[in-house]
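Please keep the sequence and the structure in view while reading.

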Amino acid sequence: MTVKGKVRLAVIDYEACKPKKCSYECIRVCPVNRTGKGKAIEADMAARGKPVIYEDACIGCGLCVKACPFKAIFIVNLPGELEEEAVHRYGVNGFKLYRLPVPRENSIVGLIGKNGTGKTTAVRILLGELKPNLGDPGRDPSWDEIIRRFRGSELQSYFQKLANGELRTAHKIQYVDLVPRRLKGTVGQLLERADERGVARELAAELGLDKLWDRDVRKLSGGELQKLLIAAVLSKDADVYVFDEPSSYLDVRERMRVARLINEVRGPGRYVIVIEHDLAVLDYVSETVHILYGEPGVYGVVSQPYGARNGINNFLEGYLPSENIRLRKEPIRFRKKLEALGAPGGEGGEKKRKYLSWTSMTVKRGSFTLKVEEGEIWSGEVIGIVGPNGIGKTTFVLTLAGKIEPAEGMVLEYEELTVSIKPQQISPELFPQDYTVRDLLRAANPEAVTPGSWLYLELVKKLGLDRLYDRTPRDMSGGELQKLAVALSLAREADLYLLDEPSAYLDVEERLSVARIIRRLTETREAAAFVVEHDLLFIDYISDKLVTILGNPGIEGHAHKPDSLARAMNRFLKELGVTFRRDPQTGRPRVNKPGSYLDRMQKAKGEYYFG
Ligand code: ADP
Ligand code: ADP
Ligand code: SF4
Ligand code: SF4
């Protein structure tokens with residue numbers, strides 16, 4: 001309903017709502033119901049007793065929001081003019097999406113934003129998998145009406161073609177883990193079936209899938225599944241290609257390869273859309289980007305298109321100038337000069353303590369060998385770890401944590417250290433079962449569940465864990481468990497944090513929050529951290545020093561000693577043949593286009609990281 005230029009939205013999270021476990025506090029407190037003259041909220045017997053809110057009668061007092069013990073209700077007021085741009089609503093009190101990204105022929109459009117703000121919904125509409133109801137779940141508008149709604153924009157002709165069945169589509173879905181349950185066969189069989197362009201073999205070789213040609217899909221790792229799906233989608237002869245989070249599970253080299261292959265698929269008459277949280281990858285592939293903002297699970301608004309560089313910079317600044325929207329209070333700034341880093345043990349390092357050191361080591365795991373150069377870590381230091389999949393990053397971290405005994409050499413602790421670990425693989429069994437998210441967080445650190453505290457605001461709330469308070473690990477998704485594991489490991493008071501791929505499953509906003517927390521924790525608690533990551537912006541943001549592990553994945557790895565970010569990144573990128581520069585406005589690292597002037601110049605000078 002529209003009130004004084006505002007439109008009210010009442011959304012109920014039906015997964016969180018549990019009428020059997022509450023006493024309908026929401027209905028009992030409603031002042032409209034209490035007058036006896038009207039009804040703003042009532043139990044809907046057709047929906048197993050869950051409530052329905054009538055937005056026309058609701059006065060937006062918010063009492064039900066506060067009263068619900070499960071935080072299942074959301075009431076927001078949005079600018080009235082937005083209502084004309086409503087595109088889809090899932091049910092009467094469901095999530096609502098405003099505006100759509102604009103696909104452009106022969107171009108790649110990127111989407112960024114928090115999870116739950118409608119990125120997948122938007123692409124499903126553009127793929128014709130979901131017919132938009134223009135914000136009214138009670139209606140099924142005709143294609144003519146939908147086309148009319150987008151009159152004057154490129155979406156008009158796009159929907160015309162979609163309605164006429166003229167667009168063939170190909171969609172790389174977000175959750176690659178679901179694939180083995182739905183598809184049967186070997187890598188080769190699946191690729192041959194998908195191959196409409198006669199390029200599957202070539203793509204498979206490019207992505208290292210040729211060695212797995214006869215392997216059953218049920219035996220593939222997350223990264224292998226991801227590459228298989230990307231190759232299958234790229235092999236289709238389609239007009240619209242959508243890649244929903246193509247870089248999850250992939251290492252940096254694979255991310256760059258995938259970005260290049262996606263770039264190659266574009267062409268006249270073809271539309272390509274990419275949803276991605278790794279900003280270096282998104283920046284590299286997209287020409288324009290749309291930022292999705294709003295409240296996760298409640299509503300989402302698609303911003304206007306921006307050029308990739310400006311869009312990502314605006315996103316980091318936390319402000320969208322063309323629509324005057326603030327996304328965040330503070331901007332995210334990267335260091336413009338690596339030299340600005342205080343060298344631990346050196347300048348300003350008098351107060352720092354040496355926590356851990358290790359001699360050169362040899363570590364064996366089955367037939368895999370990891371050679372480690374000597375090194376040390378000081379309080380207040382964050383050491384990033386980069387390297388391909390299967391090169392021994394987890395092995396390295398577990399050895400430092402004392403969980404794996406090296407065959408040669410040793411790790412020395414200078415004082416009794418408490419260690420907090422976020423393992424790479426997370427499964428429900430890793431958590432004590434009958435505890436809720438709230439219990440687990442409280443046990444890790446009571447401050448984490450104290451509203452108003454820094455840990456609560458910056459960690460628990462930013463990761464949306466407050467909304468999952470009453471859930472137990474067994475009824476949480478893989479992504480939710482990852483967030484819980486990251487939050488628990490960071491909430492604990494420890495001297496040393498070992499975080500193995502903390503950004504997996506996190507959206508870009510959450511990644512930036514976690515990165516900030518890691519920096520702040522190591523500063524205020526005088527702790528130290530090792531962080532294994534494939535997201536290079538994340539690594540750049542948090543690391544004082546970097547360990548690169550190179551070699552032959554699955555066979556042998558060589559872990560270099562912790563080195564300055566500039567030197568280690570240079571070594572790593574040289575190995576990949578990729579150069580980065582720094583964006584002058586935000587200081588973020590950006591990939592140079594291969595063969596561009598900067599790429600050639602930096603390579604000639606041996607400066608692979610910033611120029
Ligand atoms: P994103 O891709 O940005 O994470 P989605 O488009 O997947 O966001 O989902 C946005 C919101 O829409 C979700 O938080 C969820 O609440 C809601 N939603 C998604 N799919 C459905 C559905 N099939 N039925 C009801 N609600 C849905
Ligand atoms: P990364 O973290 O870089 O992906 P890992 O340290 O997990 O690499 O693994 C390095 C290599 O060691 C891989 O080839 C893996 O197959 C092997 N490996 C890991 N754990 C074991 C184990 N428990 N037994 C035998 N081999 C293992
Ligand atoms: Fe109970 Fe909250 Fe659902 Fe209302 S919204 S029925 S108070 S769980
Ligand atoms: Fe009733 Fe207020 Fe909730 Fe609206 S916001 S349903 S008026 S309690």
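Helices (H or I, at least four residues) and strands (E, at least two) are DSSP runs, numbered from the N terminus. This is a predicted model, in which local features need pLDDT of at least 70 and side-chain atom pairs count only at pLDDT 80 or more, while totals for chains, interfaces and linings use all residues. Residues are numbered from 1 along each chain as its sequence is written, chains are lettered from A and ligands numbered from 1 in the order in which they are written, and side-chain values use heavy atoms, with hydrogens and water left out.

Helix 18 (residues 508-524) contains R519. Burial is judged by relative accessible area, with buried meaning under 20%, exposed over 50%, and partly exposed in between (1.4 Å probe, protein chains only). R519 counts as buried because its relative accessibility is 16%. Leaving aside residues up to four places away in sequence, R519 is in contact (heavy atoms within 4.5 Å) with R335, Y541, I542, S543 and D544.

Helix 10 (residues 222-235) has 14 residues, and its end C-alpha atoms are 20 Å apart, which agrees with the 20 Å that it should span at 1.5 Å a residue; the expected span is 1.5 Å times one less than the number of residues. How many of the 14 residues of helix 10 are buried? Twelve of them are, so the label "mostly covered" applies to helix 10 under the cut-off of 20%. Among these buried residues are G223, L225, K227, I230 and S235. The partners against which the buried residues of helix 10 pack are strand 9 (169-172), helix 7 (179-182), helix 8 (187-194), helix 9 (200-206), strand 10 (240-244) and helix 11 (252-265).

The loop between helix 9 and helix 10 holds D214, which is exposed, with a relative accessible area of 66%. From C-alpha to C-alpha, D214 and P31 are 65 Å apart in space, and they are 183 residues apart in sequence.

Two loop residues other than glycine have a positive phi. K71, in the loop between helix 3 (63-67) and strand 5 (73-79), has a phi of about 50 degrees and is partly exposed, with a relative accessible area of 39%. N106, in the loop between strand 7 (96-98) and strand 8 (107-113), has a phi near 60 degrees and counts as partly exposed at 36% relative accessibility.

Turning to the ligands, a residue belongs to the surroundings if one of its heavy atoms lies within 4 Å.

| Side chain | Atom of ligand 1 | Distance |
|---|---|---|
| Y90 | nitrogen | 3.5 Å |
| T120 | oxygen | 2.7 Å |
| T121 | oxygen | 2.5 Å |

Taken alone, ligand 1 exposes 560 Å², of which the protein buries 61%, where accessible areas come from the Shrake-Rupley method with a 1.4 Å probe. For residue classes, Ala, Val, Leu, Ile, Met, Phe, Trp, Tyr, Cys and Pro count as nonpolar, Asp, Glu, Lys and Arg as charged, and the others, Gly among them, as polar.

The shell of ligand 3, which includes C17, C22, C26 and C68, has nine nonpolar, no polar and two charged residues.

Technical notes: Polar contact = N/O pair within 3.5 Å; in protein donor to acceptor, adjacent residues only side chain to side chain.
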